Amino acid sequence: MTSPQTHLAIDGYVDAIPGTGWGTAVFDLIHSPADADRIDPNTPDIVYACTTADPRITDRLLRKIQPGDLLRVTGTIVPPDVPGTPARLTVAVLEVLDAAPLPVLHGLVLERWGNYATVFDADRDAVPVFTVDGTWIGEAASPDAISDLIDSFENGPAR
C-alpha cells in the first residue's frame, strides 16, 4: 500500500542547523497553527521532516539558513508511516520569509586588535586569539598577555 502524497506550501521555522544525508539536505520545519486564536490553545506545533536533493536549495540550506529562520517551503508531503512521527516533505522550492536575529553571545565579548580578534569569556582568564580571517594564533594566559602572544606570532619567539 502506498502513502497518499499532496503538493503544498508550508510556512515554518527551521528547528536546527540543516544537515546532509546521501546527497540531500535535511532539516526539521516547525509549523504553528495559523488560527491559533480560534483553536484550542493546547494544539501542538506540527513538525515536518524536510529533505531536498536540489543542489541549489541544498547549497542555500547548508550555507545560509540558520535555526529560527522563517521559511516557506513548497513540495510533496507524505504522511508518516508510524503515528507520532513527523510527516516527510520533499522540498522543491524554498523561500526565506524572515531571517532569525543573530545569536547573542551571553558572557562573551569579541574584540578586534587590528588584524587580530580576541574572545573574552567572563568565566575564564585565558583569552583565545585569532586573525580576523580565522587563523588560530593561540591562547593568551590573561588579557595582559595578548600583546606578547601577537608579537610572538608576528616576529617569532624571543631568543
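A salt bridge is taken here as a side-chain nitrogen of Lys or Arg within 4 Å of a carboxyl oxygen of Asp or Glu, and by that criterion this predicted model holds five salt bridges. The close-up views below include some of these pairs.

**View A. Helix H1 and its buried side.** Within helix H1, which spans residues 55–64, the buried residues are Ile57, Thr58 and Leu61. These residues lie on the same side of H1, because the arc they cover around the axis is only 100°. What covers them includes strand S3 (24–31), strand S4 (46–52) and strand S6 (87–98). On the face turned away from the buried side, H1 carries the exposed residues Pro55, Arg56, Arg63 and Lys64. At the start of the helix, a side-chain oxygen of aspartate 54 comes to within 2.8 Å of the backbone nitrogen of arginine 56.

View B. Arginine 63 and aspartate 59 are joined through their side chains in a salt bridge, with an N to O distance of 3.0 Å. Both residues belong to helix H1 and are four residues apart, which is about one turn of the helix. An α-helix has 3.6 residues a turn, so residues three or four places apart point the same way. Arginine 63 counts as exposed because its relative accessibility is 63%, a value over the 50% cut-off, whereas aspartate 59, with a relative accessible area of 38%, is partly exposed.

**View C. Two residues of strand S3.** Threonine 24 has its place in strand S3 and is buried, its relative accessible area being 18%. Apart from residues up to four places away in sequence, threonine 24 touches Gly19, Thr51, Thr52 and Ala53. Histidine 31 also lies in strand S3, and a polar atom of its side chain is 2.6 Å from the backbone oxygen of aspartate 11. When neighbours within four places in sequence are left aside, the contacts of histidine 31 are Ile10, Asp11, Gly12, Asp45, Ile46 and Tyr48. Although histidine 31 and tyrosine 13 are 18 residues apart in sequence, their C-alpha atoms are 6.6 Å apart in space.

View D. Four strands, in the order S7-S8-S9-S10, make up an open sheet with antiparallel pairing. Strand S7 (108–113) and strand S10 (136–140) each have a single partner strand and stand at the edges, so one side of each has no neighbour in the sheet. From one strand to the next, the twist averages 20°. S7 and strand S8 (residues 116–121) run antiparallel and are joined by six bridges, and tryptophan 113 stands opposite tyrosine 116 in S8. Helix H2 (residues 146–155) packs on the sheet, where it touches S7, S8, strand S9 (127–131) and S10, and its direction makes about 145° with that of S10.

**View E. Two further salt bridges.** Arginine 124 and glutamate 139 form a salt bridge whose closest N and O atoms are 3.0 Å apart. This pair links distant parts of the chain, with arginine 124 in the loop between S8 and S9 and glutamate 139 in strand S10, 15 residues apart. Arginine 124 counts as partly exposed at 40% relative accessibility, and glutamate 139 is likewise partly exposed at 40%. Aspartate 81 forms a salt bridge with arginine 88, and here the closest N and O atoms are 3.7 Å apart. Aspartate 81 is exposed, with a relative accessible area of 58%, while arginine 88 counts as partly exposed at 39% relative accessibility.

Note on methods:
Residues are numbered from 1 along each chain as its sequence is written. This is a predicted model: local features need pLDDT of at least 70, side-chain atom pairs count only at pLDDT 80 or more; totals for chains, interfaces and linings use all residues. Side-chain values use heavy atoms; hydrogens and water are left out. Buried means under 20% relative accessible area, exposed over 50%, partly exposed in between (1.4 Å probe, protein chains only). The arc is that of the directions from the helix axis to the C-beta atoms. Contact means heavy atoms within 4.5 Å. A polar contact is a pair of N or O atoms within 3.5 Å; within protein, one must be able to donate a hydrogen and the other to accept it, and residues adjacent in sequence count only if both atoms are side-chain atoms. Two strands pair if DSSP finds at least two bridges between them. Axes are lines fitted to C-alpha atoms, for helices over the stretch in contact, and angles run from 0 to 180 degrees between N-to-C directions.
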